Amino acid sequence: MNHVPVYKQKQVLIGNDSGAESQRYYAFPSILESGDGNIIIAYKNGTQHALEAGAPLEVLTFDPVQKEVVSVYTVDETPGRINQNPELLRMPDGTVYMYVDAQRGGTKERLGLHVYRSTDEGASFHSDPVFPQVGDFVFGYSFDDAVTSDGAAVMLAMSFPELPGAVRAVHAIRSADASMYWQWIRSGRGPNSPGRSFSATAAAAGSRLKKASAIWYIRMIKTENLTPIFAAEPWNYRRQRRISRR
C-alpha cells in the first residue's frame with residue numbers, strides 16, 4: 001500500500017458546528033508573530049463580506065507549538081461600525097500597531113483608518129487617535145508594510161473619493177519615529193507619479209484596483225531605485241507571488 005506523505009494540516013481556530021444560518025463571517029486576517037513565538041491574528045467578525053450593519057474587530061492569539069488558541073477577545077464593537085481589513089505592524093521599539101479600515105454600517109463609506117496599539121505583544125490593544133492626514137490625504141485602509149534597515153516603517157495605504165484628498169489611489173508613506181509622524185512618499189497617480197496613472201476603466205473596476213496598484217508599486221520599487229525605502233526584497237517578492245496566484 002502506498003503511503004501519501006502529509007504535507008499540510010488544517011486546524012480550525014475559531015468557528016462553530018451549528019447550521020450555516022448562524023455561522024459568522026471571519027474575514028481579512030492579518031498575522032504577526034509575537035515576541036514569545038505565538039501568532040497574533042486580527043480579523044473581522046462579521047456576517048458577510050461587506051455592507052452588514054456592523055462587524056466587531058477581534059484578536060486571536062495562537063500557540064503554534066502546542067497548537068492551541070491562547071486567547072480570543074474583542075477589540076472594538078462600536079454599533080454601526082464595520083471593522084474591515086485590519087493590518088498589524090510591529091514598530092522597531094516593539095510596539096504593535098493595528099490599522100483598521102473603519103466603514104459606516106450598511107455601506108462601504110470609509111471613515112478613515114482607526115488605530116490601535118499594543119505594548120504587551122497583542123494581549124491587549126488600546127485605541128489611539130485616528131490615523132492622521134498625511135500630506136493632502138486621509139487614508140481608508142492600509143494593506144502592506146515593512147520596516148527598513150534604518151528603523152523606519154513604510155506602508156502602502158489607499159485613499160478614497162469620500163475622504164480628504166478625494167481620489168482612489170494607493171500611496172507609499174513612511175514613519176521614522178514609530179508612527180508619531182508620517183511622511184507622504186509617492187502616489188500611484190497624480191503629478192508626482194512618474195507619468196503613470198490608472199485609466200478610467202481600471203478605476204471603474206474597483207475590485208481590481210488594489211491588485212493593479214500593488215503590481216504598479218512592485219514595478220516602481222524595482223525599476224526606479226526606491227528599493228532602499230522599502231529595504232525588503234522578501235516583501236517585494238512575497239507580495240508579487242501572492243498577487244500572481246489570484
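1. Let me start with strand S3, where Leu57, Val59, Thr61 and Asp63 point one way while Glu58, Leu60 and Phe62 point the other way, and all are buried. This is a predicted model, so please read every value here as computed from it. S3 covers residues 57-63, and seven of its seven residues are buried.

2. Where does S3 sit in its sheet? Four strands make up an open sheet in the order S1-S2-S3-S4, with antiparallel pairing. Strand S1 (25-33) and strand S4 (68-76) stand at the edges with a single partner strand each, so one side of each is left without a neighbour in the sheet. On average, and with direction ignored, neighbouring strands of this sheet are turned by 25° against each other.

3. S1 pairs with strand S2 (residues 39-46) in the antiparallel sense over seven bridges, and Glu33 stands opposite Ile39 in S2. Between S2 and S3 there are six bridges, again antiparallel, with Ile40 opposite Thr61 in S3. That Thr61 is one of the buried residues from point 1. S3 and S4 are joined in the antiparallel sense over seven bridges, and here Leu57 stands opposite Asp76 in S4.

4. The hairpin of S3 and S4 deserves a look at its turn. Four residues lie between the strands, and Lys67 takes a positive phi near 55°.

5. Moving on to the aromatic residues, how many aromatic pairs are there? The count comes to ten. In one of them, the rings of Tyr97 and Tyr99 have centres 6.0 Å apart and planes at 5°; planes under 30 degrees apart count as stacked, so this pair is stacked. Both Tyr97 and Tyr99 are buried. Phe131 and Trp182 give a tilted pair, with 5.4 Å from centre to centre and 45° between the planes. This second pair links distant parts of the chain, 51 residues apart: Phe131 is in the loop between strand S8 (126-127) and strand S9 (139-147), and Trp182 is in the loop between strand S11 (169-175) and strand S12 (183-187).

6. Are Phe131 and Trp182 buried or exposed? Phe131 has 5% relative accessibility and so counts as buried. Trp182, at 4%, counts as buried too. Both residues belong to one aromatic cluster, formed by Tyr97, Tyr99, Phe131, Phe137, Phe139, Trp182 and Trp184. The two tyrosines of the stacked pair, Tyr97 and Tyr99, are therefore found in this cluster as well.

7. The structure holds seven salt bridges, among them the one between Arg90 and Glu121, where the closest N and O atoms are 2.9 Å apart. Arg90 is in strand S5 (residues 81-90) and Glu121 in the loop between strand S7 (110-118) and S8, so this pair links distant parts of the chain, 31 residues apart. Arg90 counts as partly exposed at 23% relative accessibility, and Glu121 counts as partly exposed at 29%.

8. Another salt bridge joins Asp128 and Arg117, with 3.2 Å between the closest N and O atoms. Asp128 lies in the loop between S8 and S9 and Arg117 in strand S7, so the pair ties together parts that are eleven residues apart in sequence. Arg117 is partly exposed, its relative accessible area being 30%.

9. His114 itself counts as buried, at 14% relative accessibility.

Methods
Residues numbered from 1 in each chain as written. Predicted model: local features only at pLDDT ≥ 70, side-chain atom pairs only at ≥ 80, totals over all residues. Heavy atoms only, no water. Pairing = 2+ DSSP bridges. Helix = DSSP H or I, 4+ residues; strand = E, 2+ residues; numbered from the N terminus. Axes fitted to C-alpha atoms, helices over the stretch in contact; angles between N-to-C directions. Buried < 20%, exposed > 50% of the residue type's maximum accessible area, 1.4 Å probe, protein only. Phe/Tyr/Trp six-rings, centres within 6.5 Å; stacked < 30°, edge-to-face > 60°. Salt bridge = Lys/Arg side-chain N within 4 Å of Asp/Glu carboxyl O.
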